[in-house]
Amino acid sequence: MCKIVKKEILVPNTIYLKVEAAEIARKAKPGQFVILRVDEVGERFPLSLAGWDEDRGTLEILFLIMGKSTMKLSALDEGDCIRDIVGPLGRPTEIESYGNILSVCSTFGIGPMVPMIKALKEKGNKVVTAMEARDKASLFWEDRLKSVSDETYVVLGDGSLGKHRRVREFITEYLESGNKVDRVFAFGRIFMMMDCCRATKPFDIKTIVGLTPIMVDGTGMCGCCRVSVGGETKFTCVDGPEFDGHLVDWELLIKRKRAYLREEAQAFNLWQPDNLRRIAELSELPERISVM
Amino acid sequence: MAEKPKLNLNRVPIPKQTPEVRRRNFNEVALGYTDEQALEEASRCIDCKKAGCKDGCPVNIDIPEFIKAIRAGDMPEAARILKSKNSLPGICGRVCPQETQCEMTCNLAKKGGPIAIGRLERYVADWERDHPEIAEQQKERIRFNGKKVAVVGSGPAGLTCAADLAKLGYEVIIFEALHVAGGVLMYGIPEFRLPKVIVQSEVDYVKSLGVEIKLNHVIGKIATVDELLENGFDAVFLSPGAGAPVFLNIPGENLSGIYSANEFLTRTNLMKAYLFPEYDTPIQVGKRVAVFGAGNVAMDASRCALRLGAEEVYIIYRRSKVEMPARLEERENAEEEGVIFKLLTNPSRFLGDGRGRVRAVELHEMELGEPDESGRPRPIRKPGSEFIMEIDTAIPALGTRPNPIIPSTTKGLELTKWGTILTDEASGRTSKERVWCGGDMATGAATVISAMGAARRAATDIDKYLRGSTEWS
C-alpha cells in the first residue's frame, strides 16, 4: 500500500500524484517506470516516473485519464492508498555527454522528461526543449521545463501560439535553420513520437523514444509489451522502455496498443454507473439515484 | 504364521467433475477423497519393510507412516508427519507427477496398482486446512538463532527453503516481484487444477513460521543481491523462477491475439481475466484457439481457453503422442474436455486480418526422423504439406528462457550456456559466496516438486554453512 501525499489536477484530464514509496525512491533513475494496481480487482499498468525524493521517500507520477484504471487512480485523494506499486522497472536512460540535445514532449511524457533533462544537464549537455499541447488549456509544467532547460519552445495544436501546430513542424524548421542537434529524446503520445522521428530521420539524428505499450507483469515474464525494433522482437519492460525511434515498427506498436479498445470501453462504461451508485450510497442520499 | 494378506490392486478412483460440466467452469476438477474412500485406499498399503515410495519422493516424506496414521484414524498425526517434511502438502498432493515419483517406486506399482499417494496426501492436507486448531497445537516453538536469510521469489522453491530455514530458527524474508505470493502456483497453474485458496493457506502456513514476505519487490531493481548481502543478510537463496517466454520465431508472431502461455495464464489466473469485467484485466479468446507445444503448460493453457468460452481448442505439436512431455493425467483431462490434438504438425507463419489481429496460421505436416540431441526423434517437414487454419487466438507454450534481471545485476554469478545460474546440484551453491539457487533458474523449466527438493537441499546446506560446519570451498 502506498499513500498519496499530494494530488494536483494539472489540467482537466491530467493528474499529478506524489506517493510514499521510499525503497523505490532510493533506486529510481531517469527513464524508469513503475507498475501500479489501484485496488484488489485492478489491472497492472505502467506509469513513467516524473520525479522522486530520496530523503522524503516519495515518487511523483503524472498520467492522462484514458480508461477505467486511470479513472480509478484519478478518483483517489490525498491520504488514500494505491494497492500496489512495483519498481523501479525498465532500463534507465543512457545519460552521456552528447552535446546538444533536443528534448520533445507532450502530455504524460512531460513528467519523465523533467528528471531526464536534469540528469542530461548534469552531464554538461545543452538541452533545448520543445513541448506540445493541444491548446492553452491543456498546457502544464511549462515553468518546470523552462527551469531545467536552456531554451524552451511551446507548440500549441490550435495554432494560437506562433505558426506551428505540431512539434514536427517546429523540429523541421529548427533543424533546417542550421541548429546543431546531437541527439533527440521524445516522450509522449505515440503519434507525436512517431512524427518526431519522421522529422529527425532526414537529418540522421539519433532519436530516442520512450514507449508505453500494454504490460502485465513488467519484469520480462509475459511478453505482452513486445515491440519490433530494427526487425527484432524486444520486450519493452526489460529491454526498454527507450529505443531508437528510427528503428521502431510504429504501426505494430499502435495496433498492439489498440488491441483491447472494446474491452476497455466496456469496463469503463460499466464502472461509471456502478461508481455513481457507490457515491450515492456513501453520501447517504435519501433516495438512491437511478443509474441504470 | 499369519496368513499372507491378499493384495488389493484396485486404486480407489478420485471423484471428478464430469468433462461436460467442468470444461465450462474454473472450479477444481478433482474433488478429493471422502473419508471412506481415503480409508479404503490407505488400507491397501501393505506397509512394506523396504518402502520404495520414500525413495521416490524428492522431499523424503515418510509415506508409509502417514498412510498408517490415516488407517489408524489419527489424522493429526498424519498431518504432522506430512508437514514435518513438506510445507506445501495441499499443493504437492495436487500437482506432483506422482506416477514418476513415489507411485512409480511403490512396491505395488510392479503389480499394476500403486497406492494413490498423491490423493492421500491431498486428503490429509485438506483435512488439516479444515481443522486449523490442530495446526495451532502442533506449532513448534521456534528459537531465533540471530541469522538472517533472504529468499528471492515466493514460488515452490522459495516457500520451501524459507519454511525449512524458519523452522531451524533463521529470520527469513522472501522478496516477491508480483503483488501476491506463490509464484507459478498463482500466476501459472490454473484455479481448476490448484485452487488459489489452497496456495494462500499454505503461504499462510509459511508466514506462521515467522517468515516475512515482501511483495512488489523485484530483486535486481529495488535492491541487488550484493546489496542484500551487504545489508545484514547472511545468505541469499535465489528462486526467481521461469523467466522469459520462448516464442516460435515465425512471421506474424507479434499480431494481437497471440499470447505467450505465460501471458495467457497470468491474465487468466493471477489477474482473474475470466471474471472480466468484474476484474479489470481483459483477455480475448474467440472461437478457435491454437496452442503450440504439448507440455503441462500447453495443457493448462488449452483447458483455460475452453473455460473462457472457446468453441474449438487445438494442441499443435510437431512430434507424435509418445513424445508429448505433458503428464498422462493432464493429457487425458484435456482430451476428455474436448481439446483436439493435432500431432506431427508445425506452424510456419501467422496471417493477420489487416487490422493487426491474427486471423489464421499456416501449418505443415511433419514426419519423424533420426533421434536428435534430446534423444527424441527429430521432426522433419513434409514438403508440400502446407495448409491454412483459421484461428482467433494463438498461444505458443514452448517453455521459457531464464530471466536476465538477476544475473545481469549480480557480480560474480557464473551462468551456464543456457543462461541459468550455475548451481551445484547437491548443495544448491552458486559460484558466488553466500548465494544459493534452486528451482527453474538453476535447472531450466521443471516441476514444482523438483524445485522444492532442490530448495530443501539448499536450506540444509545454508544451515550447515551458517553454523560453520562447512567452508564455502
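**Exercise 1. Chain B as a whole**

Among contacts in chain B between residues at least 6 apart in sequence, what percentage join residues at least 24 apart?

Solution. The model is predicted: local features need pLDDT of at least 70, side-chain atom pairs count only at pLDDT 80 or more, and totals for chains, interfaces and linings use all residues. Residues are numbered from 1 along each chain as its sequence is written, chains are lettered from A and ligands numbered from 1 in the order in which they are written, and side-chain values use heavy atoms, with hydrogens and water left out.

Step 1. Take contact as heavy atoms within 4.5 Å. Of the contacts in chain B between residues at least 6 apart in sequence, 70% join residues at least 24 apart.

Step 2. Assign secondary structure from DSSP runs, with helices being H or I of at least four residues and strands E of at least two, numbered from the N terminus. Chain B then has 19 helices and 15 strands.

Step 3. Compute the radius of gyration over C-alpha atoms and compare it with the globule rule, 2.2 Å times the number of residues to the power 0.38. The value for chain B is 23 Å, close to the 23 Å that the rule gives for 473 residues, so chain B is as compact as a globular protein of that length. The C-alpha trace of chain B spans about 65 × 65 × 50 Å along its principal axes.

Step 4. Classify burial by relative accessible area: buried is under 20%, exposed over 50%, and partly exposed in between (1.4 Å probe, protein chains only).

Step 5. Look at one helix, α5 of chain B (residues 75-85), where Met75(B), Ala78(B), Ala79(B), Ile81(B), Leu82(B) and Lys83(B) are buried. The cover over the buried residues of α5(B) includes α4 (63-71), α6 (89-95), α8 (117-130), α10 (156-167) and α12 (196-208) of chain B.

**Exercise 2. The interface of chains A and B**

How many residues of chain A are in contact with chain B?

Solution. Step 1. Counting contacts gives 44 residues of chain A against 42 residues of chain B.

Step 1. Buried area is the accessible area (1.4 Å probe) that two parts lose on being put together, summed over both. Chains A and B bury about 3,500 Å² between them, with 54% of it on carbon and sulfur atoms. Met221(A), Arg226(A) and Tyr260(A) supply 19% of the area that chain A buries against chain B, more than any other three residues.

Step 2. Count polar contacts (a pair of N or O atoms within 3.5 Å; within protein, one must be able to donate a hydrogen and the other to accept it, and residues adjacent in sequence count only if both atoms are side-chain atoms). Between chains A and B there are 20 residue pairs in polar contact, both residues at pLDDT 80 or more.

Step 3. Assign the side of chain A that touches chain B to elements; those giving two or more residues include α1 (22-27), α2 (68-74) and β8 (84-89) of chain A. The largest share, six residues, comes from β8(A).

**Exercise 3. Salt bridges**

Which residue of chain A meets Asp280(B) in a salt bridge at 2.5 Å, N to O? Compare this pair with one inside chain A.

Solution. Step 1. Apply the rule: a side-chain nitrogen of Lys or Arg within 4 Å of a carboxyl oxygen of Asp or Glu. The count over all chains is 56, and three salt bridges lie across the interface of chains A and B.

Step 1. Lys72(A) pairs with Asp280(B) at 2.5 Å. The pair crosses from helix α2 of chain A to the loop between α14 (261-270) and β6 (288-292) of chain B. Lys72(A) is buried at 7% relative accessibility, as is Asp280(B) at 4%. Asp280(B) also forms a salt bridge with Lys68(A), the closest N and O atoms being 2.5 Å apart.

Step 2. Within chain A, Arg144(A) and Glu60(A) meet at 3.6 Å, N to O. Arg144(A) lies in helix α4 (residues 142-148) and Glu60(A) in strand β6 (residues 58-64) of chain A, so the pair ties together parts that are 84 residues apart in sequence. Arg144(A) is partly exposed at 28% relative accessible area, whereas Glu60(A) is buried at 13%.
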